[in-house]
Amino acid sequence: MSLKKVIGQPKAIAMLLGMIQRHRIASSYLFCGEPGIGKKLTAIHFAKALNCLNAGDRAQGRKDAEATNENESGDGDACDVCTSCTKIDAGIHPDFLMVEPEDRIIKIDEIRMIEEALSYKPFEGRRKVIIIDEAESMNISAANAFLKTLEEPPADSVVILITARPGVLPDTVRSRCSRINFYPLSDDSCRQVLAGRYAGGDLALAVTLSMGRPGSAHTNDLREERDWFIDHLKNMLKAGKDGWTSREDMDRWFDQAVIIFRDLAALKITGASQIINIDLQDYLSELSKSVDLNVIIDLYQELNLVQGQLVYNLNKSITWNYTASLLRKGLSH
Ligand SMILES: [Zn+2]
């Protein structure tokens, strides 16, 4: 796959290709947008384009021996077939490094590893490319150490920070990156992405439930995920014990909560025609029957607030009890 084949992010892709064509590559980028909309995919293809033997910055250090010249358009995009592109796809290119949080945190050790990697010139590519996924997971000492790298970027290097929560990153880090915004996909684009995995009615439901974030449909079965959420919601309303088994569960639960509360608000405002979980209409109507719209909006905002705090490693059972009591207070009648 190449940059041009990334579905549903035409603005971001046009900006990145334009930068390659004009030889205006920044030393650091911040890819912002909700989870599951193609940020990491784009970052990988950008790395390929920057180092592709058949495209990109042809002026510099091109190792022509292997070039197959299949990309005749000269638009700077990745060719997808040269050894550089295939090595990046396989994660074995010596000038390509992907960093992800471990146990939800990117620690200073990983930043040291990045510094180390950046201290060498590119081995075989034109540019070293480092991708830091879920960059908001950098703890404070990691972010401080990383700032030095951003302030004095080594030549021939590109660092791409990926985040769904740019607000959590320190201003000092954010302000040194070129920001590229990604947006939820249209239903048509979602359908294109999901068509390889679902068909017929399942495809239609997957498109609706993905809410413009088809990447989340790839990692979880959306209906199962939602039903899991509803089970826990019912448990909370009955004052049941902490049912989350991990930190991951907390994230999953709050991701779903936002969707369900949008539906509860939609039911109040426009009735069933605007809700996403149409098959849950009866349950949701019952749940919100004697609840005021303002209460639902307040609850939605409170849940958003708690979700925003999850990066600070909130205690699981305290969060469960707190959230459950908020819900019981708001929704009980
Ligand atoms: Zn290539």
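1. Along the chain, the donors of the zinc ion follow the spacing C-x26-C-x2-C-x2-C, and it should be kept in mind throughout that the model is predicted. The protein donors in question are the SG atoms of Cys52, Cys79, Cys82 and Cys85, which lie 2.3 to 2.4 Å from the zinc ion.

2. As to the geometry of this site, the four donor atoms subtend angles of 98 to 120° around the zinc ion, and the arrangement is therefore tetrahedral, given that the criterion asks for all angles to lie between 85 and 135 degrees.

3. The domain assignment divides the chain into domain 1, covering 3–181, and domain 2, covering 221–331. Taken over C-alpha atoms, the centres of domain 1 and domain 2 are separated by 36 Å.

4. Where the two domains meet, five residues of domain 1 are in contact with eight residues of domain 2, and about 530 Å² is buried between them, with 47% of that area on carbon and sulfur atoms. Of the area that domain 1 buries against domain 2, Arg104, Arg165 and Val168 supply 81%, which is more than any other three residues.

5. Turning to the polar side of the interface, the count between domain 1 and domain 2 is two salt bridges, and the count of residue pairs in polar contact, both at pLDDT 80 or more, is also two. By class, the side of domain 1 that touches domain 2 has two nonpolar, no polar and three charged residues.

Key. Residues are numbered from 1 along each chain as its sequence is written. This is a predicted model: local features need pLDDT of at least 70, side-chain atom pairs count only at pLDDT 80 or more; totals for chains, interfaces and linings use all residues. Side-chain values use heavy atoms; hydrogens and water are left out. Domain bounds come from an automatic or database domain assignment. Contact means heavy atoms within 4.5 Å. Buried area is the accessible area (1.4 Å probe) that two parts lose on being put together, summed over both. A salt bridge is a side-chain nitrogen of Lys or Arg within 4 Å of a carboxyl oxygen of Asp or Glu. A polar contact is a pair of N or O atoms within 3.5 Å; within protein, one must be able to donate a hydrogen and the other to accept it, and residues adjacent in sequence count only if both atoms are side-chain atoms. Ala, Val, Leu, Ile, Met, Phe, Trp, Tyr, Cys and Pro count as nonpolar, Asp, Glu, Lys and Arg as charged, and the others, Gly among them, as polar. Donors are N, O and S atoms within 2.8 Å of the metal (3.2 Å for Na, K and Ca); water is not among the atoms, so sites may look incomplete. Four donors count as tetrahedral if all angles lie between 85 and 135 degrees; four count as square planar and six as octahedral if opposite donors are over 155 degrees apart and all others between 65 and 115; anything else is irregular.
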